[in-house]
Amino acid sequence: MGRPRYLAFYLLSGLVASAAQIAAMRDSTVPNLGASGAIAGVMGAFLITYPRDRIRTLLLFGFFYRVTVIPAALLIGLWFLTQLFSQLGSVADVQSGGVAYLAHVGGFLFGAATARIFEGFRPIAESDA
């Protein structure tokens with residue numbers, strides 16, 4: 001993307017994430033920033049841009065742990081589903097401070113939908129041809 005495009009992408013992801021949370025919780029008086037929604041946008045863009053990448057992950061099972069690599073699509077996909085279902089479960093909750101799940105969902109969807117647009121045209125390297 002380059003620095004200017006990435007900055008624009010990141011800031012727009014945060015704005016869209018905030019707008020998604022505000023649209024869903026119109027009567028909320030809890031402050032909303034959208035920084036985590038911007039990171040969710042980056043995660044959505046990563047999934048679209050590098051769908052076959054693997055992410056080094058620390059797995060914890062009680063006292064046992066293991067560092068392993070997991071496909072990005074699996075790890076980020078599970079994270080997205082967790083955010084989505086956490087939002088669905090929090091609809092009936094009483095208004096309180098906490099996690100803006102819909103900001104994460106909105107930022108992620110924005111990132112996934114616009115990643116290629118912000119990436120722009122890159123010259124094809126000789127090794128890619």
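Me: Is Y50 buried, partly exposed or exposed?
Reply: Y50 is partly exposed, with a relative accessible area of 42%. Buried means under 20% relative accessible area, exposed means over 50%, and partly exposed lies in between (1.4 Å probe, protein chains only). The model is a predicted one, in which local features need pLDDT of at least 70 and side-chain atom pairs count only at pLDDT 80 or more, while totals for chains, interfaces and linings use all residues. Residues are numbered from 1 along each chain as its sequence is written, and side-chain values use heavy atoms, with hydrogens and water left out.

Me: Which residue forms an aromatic pair with Y50?
Reply: The search of the whole structure finds 7 aromatic pairs, and F46 and Y50 form one that is tilted, at 5.3 Å centre to centre with 45° between the planes. Rings of Phe, Tyr and Trp (its six-membered ring) pair if their centres lie within 6.5 Å; planes under 30 degrees apart count as stacked, over 60 as edge-to-face and the rest as tilted. F46 is partly exposed, with a relative accessible area of 27%.

Me: Which residues do ring pairs link into a cluster?
Reply: The cluster consists of F9, F110 and F118.

Me: Changing topic: what is the order of the elements from the N terminus on?
Reply: The order is α-α-β-β-α-α, which comes to 4 helices and 2 strands. Helices (H or I, at least four residues) and strands (E, at least two) are DSSP runs, numbered from the N terminus.

Me: What span does α1 reach?
Reply: Helix α1 covers residues 3-24, and its 22 residues reach 32 Å from first C-alpha to last, close to the 32 Å expected at 1.5 Å a residue. The expected span is 1.5 Å times one less than the number of residues.

Me: Which residues of α1 are buried?
Reply: They are F9, S13, G14, A17, S18 and Q21. Seen down the axis of α1, these buried residues fall within an arc of 165°, so they line one face of the helix. The arc is that of the directions from the helix axis to the C-beta atoms. On the other side of α1, P4 and L15 are exposed.

Me: And what do the buried residues of α1 pack against?
Reply: They pack against α2 (35-49) and α4 (101-119). In α2, the buried residues are G37, A38, A40, G41, G44, A45, L47 and T49.

Me: Which residues make up the largest nonpolar core?
Reply: That core has 8 residues: A40, L47, A72, I76, F80, L102, V105 and F108. A nonpolar core is a set of buried Ala, Val, Leu, Ile, Met, Phe, Trp, Tyr and Cys residues joined through side-chain atoms within 4.5 Å. A second, separate core of 5 residues includes F9, A45, F110 and F118.

Me: What does I76 touch?
Reply: Not counting residues up to four places away in sequence, I76 touches M43, F46, L47, I55 and F108. Contact means heavy atoms within 4.5 Å.

Me: Is Q83 buried or exposed?
Reply: Q83, which lies in helix α3, is buried, with a relative accessible area of 8%. Leaving aside neighbours within four places in sequence, Q83 is in contact with Y101, H104 and V105.

Me: How many bridges join β1 to β2?
Reply: There are 8 bridges between β1 (residues 54-61) and β2 (residues 64-71), and the strands run antiparallel. Two strands pair if DSSP finds at least two bridges between them. The strands form a hairpin with 2 residues between them, and G62 in the turn has a positive phi of about 65°.
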